[in-house]
Amino acid sequence: MNLKKYLVRALHRLQKGPGYTYKELLVWYCDNTNTHGPKRIIKEGPKKKLIWFFLTLLFASLVFWQWGILINTYLSYNVTSSLSIGFKTMKFPAVTVCNANPFKYSEVKHLLKELDRLIEAALERILQPTPGNGSENVSPPLDLELWNQIPLVLIDEHDKDNPIILDIFETNQTAGGNETAMGKETKKKYKLAVKLCSHQGSDNCTYRNFTSAAQAVTEWYILQSTSILSKVPLHERIRMGYQAEDMILACLYGAEPCNYKNFTQIYHPDHGNCYIFNWGMDEEALNSSNPGAEFGLKLILDISQQDYIPYLSSAAGARLMLHQQKSFPFLKDQGIYAMAGTETSIGVLVDELERMGYPYSDCTMNGSDVPVKNLYSQYNTSYSIQACLRSCFQNHMVEICGCGHYMFPLPEGVSYCNNEDNPGWAYCYSSLRSSIKQRQICIDSCKETCNDTQYKMTISMADWPSEASEDWIFHILSYERDMSTNVTLDRNGIIKLNIYFQEYNYRTISESAATTIVWLLSSLGGQFGFWMGGSVLCLIEFGEIIIDSLWITIINVIGWCKGLKQRRAQARYPDAPPTVSELVEAHTNLGFQHEATGALPRDEALPPEPGTPPPNYDSLRVQPLDVLGPDSDAE
């Protein structure tokens with residue numbers, strides 16, 4: 001069957017009534033649609049037609065405008081947070097305890113000896129004693145090469161446009177000469193700063209100013225000691241820290257006794273040796289049987305404050321943190337201090353956070369989709385955003401400065417920064433740490449975890465032990481520690497901790513989609529029904545007219561192609577083809593001519609010579625023309 005004829009019949013079967021042209025189809029749609037407005041356009045008078053046309057166009061525009069807003073709202077993937085409270089037996093959190101002082105001063109004194117002499121001499125000049133109060137003992141010369149790597153300077157900012165910078169050790173090292181150089185009246189104009197240069201002797205330097213000399217001295221000492229300690233092997237640093245058997249004097253979990261062997265030791269660059277209870281690495285995590293102080297963890301710690309490094313640790317106490325099992329403790333960010341000579345009670349409440357993943361939020365389940373290599377994976381700990389941010393910073397440090405910072409784990413094949421091998425590391429580190437661009441790169445690269453558990457703490461303290469009981473308590477603890485009758489402990493070094501669940505109620509803060517596909521469909525339908533009185537069936541009708549329009553377009557294209565083909569044929573053969581009657585008459589006349597001339601009739605003609613092709617009579621047949629039009633489908 002002819003393709004055009006088939007399409008026309010198919011259109012006729014799909015659509016009852018007129019509709020073989022665009023105009024007829026549009027009129028048919030307006031007359032039969034269930035949407036309000038189009039019917040009035042074709043049935044009203046000329047003036048009302050115009051009014052209804054503009055009203056229909058206006059409200060249709062409003063519908064599409066509202067649809068755009070609704071679809072955009074849905075594609076923004078907003079979330080709502082809901083809070084629910086539950087009750088269950090919970091796992092006791094992992095508890096990390098460290099000493100605020102990373103190393104015993106008696107163990108590292110030989111490494112920091114020259115550093116201590118430098119800072120003592122610098123403080124002597126900063127405080128500017130009178131000549132009589134200065135030290136008259138002859139001491140070995142100072143190691144100014146160590147000082148010049150990262151020096152402390154005095155800055156006179158009396159003239160803001162032309163500040164005067166003075167190195168502390170550039171003047172005569174006697175106290176009297178120094179007093180002459182910096183008199184009592186001029187002393188108030190000076191501020192202490194740390195001078196950081198890209199390399200020694202370079203003019204490319206920056207100055208870190210401090211409002212207090214105490215801050216400047218601490219920062220300078222940390223930078224210098226970092227360079228020194230970074231060259232010490234890890235096993236040696238662990239040996240120089242506080243050991244578990246010396247630090248953990250007593251332990252009790254619920255009604256079960258425990259000791260330092262129930263703790264896992266890790267080395268933390270900020271606090272030295274740290275010990276984790278209930279980390280869950282080697283054994284199953286412990287459950288808490290009941291809420292309350294009697295069912296929690298009780299510890300007595302000895303921080304040995306008398307063995308602190310004087311210029312490195314200005315705070316005394318224990319640093320502790322509650323965290324999830326198999327997670328790395330970032331005590332500098334999330335830890336709290338427990339003060340010596342006190343009993344610190346910590347009541348714990350649990351918050352569970354459940355975030356929705358992509359596309360609602362850019363969170364990660366385990367960090368596998370984060371582009372930053374997690375350097376803390378060497379501890380076999382779970383992913384956290386703190387680990388990601390520090391790993392990102394360390395990677396930038398290695399890339400830009402050529403070495404790694406001592407406070408963070410090292411990538412493979414990289415060494416820690418120090419003044420000898422990397423003279424400008426402190427300048428590079430300070431520039432990188434204050435760079436907003438580098439910080440933003442790490443923030444954009446790292447992701448929050450989708451599921452997280454947070455421990456909210458209620459802290460209370462009391463003096464411990466009391467004056468009435470301190471004698472017998474210190475006697476017993478001293479005896480249990482070193483089996484000696486001498487009292488070796490005092491109030492300045494003892495801390496008691498009580499950690500427990502306040503209640504078994506836990507809060508779950510979960511996210512849910514603010515807009516769903518059901519919300520979108522109902523909102524779209526509501527707007528369509530309000531402005532135009534339409535429904536889903538009206539949309540199907542609109543889809544139907546689009547399909548019919550495409551159908552008519554295909555029919556017109558096929559008709560145009562066939563017409564083009566006929567026009568090309570007519571251009572090639574301009575004479576009209578003979579009719580049937582003309583062919584019959586020509587054939588009859590040809591027979592009469594054969595009889596008049598005596599030629600043999602066709603049936604009695606001689607056979608053709610070998611090799612002669614037979615005549616082609618098919619060329620004389622008339623090909624029927626396809627003149628079928630839209631009206632030919634009368635049947």
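This briefing describes aromatic pairs, charges over rings, disulfides and one annotated span in the structure above.

The model is predicted: local features need pLDDT of at least 70, side-chain atom pairs count only at pLDDT 80 or more, and totals for chains, interfaces and linings use all residues. Residues are numbered from 1 along each chain as its sequence is written, and side-chain values use heavy atoms, with hydrogens and water left out. A search of the whole structure gives 25 aromatic pairs, and the count of disulfides comes to 8.

**Aromatic rings**

- Rings of Phe, Tyr and Trp (its six-membered ring) are paired if their centres lie within 6.5 Å; planes under 30 degrees apart count as stacked, over 60 as edge-to-face and the rest as tilted.
- The pair of Phe103 and Tyr267 is tilted, because the ring planes stand at 35°, with the centres 6.5 Å apart.
- This pair links distant parts of the chain, 164 residues apart: Phe103 is in the loop between strand E2 (94-99) and helix H5 (105-108), and Tyr267 is in strand E9 (residues 263-268). Helices (H or I, at least four residues) and strands (E, at least two) are DSSP runs, numbered from the N terminus.
- Phe103 and Tyr267 are both buried. Buried means under 20% relative accessible area, exposed over 50%, and partly exposed in between (1.4 Å probe, protein chains only).
- One aromatic cluster is formed by Phe87, Phe92, Tyr253, Phe263, Phe277, Phe501 and Tyr504.

**Charges over rings**

- A charge sits over a ring if NZ of Lys or CZ of Arg is within 6 Å of the ring centre and within 35 degrees of the ring normal.
- Lys88 lies over the face of Tyr506, at 4.7 Å from the ring centre.
- Arg319 has its charged end over the ring of Tyr337, 4.3 Å from the centre of that ring.

**Disulfides**

- A disulfide is a covalent bond between the sulfur atoms of two cysteines; here the term is applied to a pair of cysteine sulfur atoms within 2.5 Å.
- Cys197 is joined to Cys205 by a disulfide with an S to S distance of 1.9 Å, and this link is right-handed, with 100° about the S-S bond. Cys197 counts as buried at 16% relative accessibility, whereas Cys205 is partly exposed, with a relative accessible area of 22%.
- Cys388 is joined to Cys446, S to S 2.0 Å, in a left-handed link with -85° about the S-S bond. Cys388 lies in helix H14 (residues 385-401) and Cys446 in the loop between helix H16 (436-445) and strand E16 (448-449), so the pair ties together parts that are 58 residues apart in sequence. Cys388 is buried at 2% relative accessibility, and Cys446 is buried with a relative accessible area of 7%.
- Cys403 and Cys417 form a disulfide with sulfur atoms 1.9 Å apart; the link is right-handed, with 95° about the S-S bond. Both residues lie in the loop between H14 and helix H15 (425-433), so the pair ties together parts that are 14 residues apart in sequence. Cys403 and Cys417 are both buried.

**Annotated span**

- An unreviewed UniProt entry places the feature "transmembrane region" at residues 50-75. UniProt positions are given in the numbering used here, feature names are shortened, and annotations may be inferred rather than shown by experiment.
- In the model, residues 50-75 are 100% helix and 0% strand, and the end C-alpha atoms of the span lie 37 Å apart.
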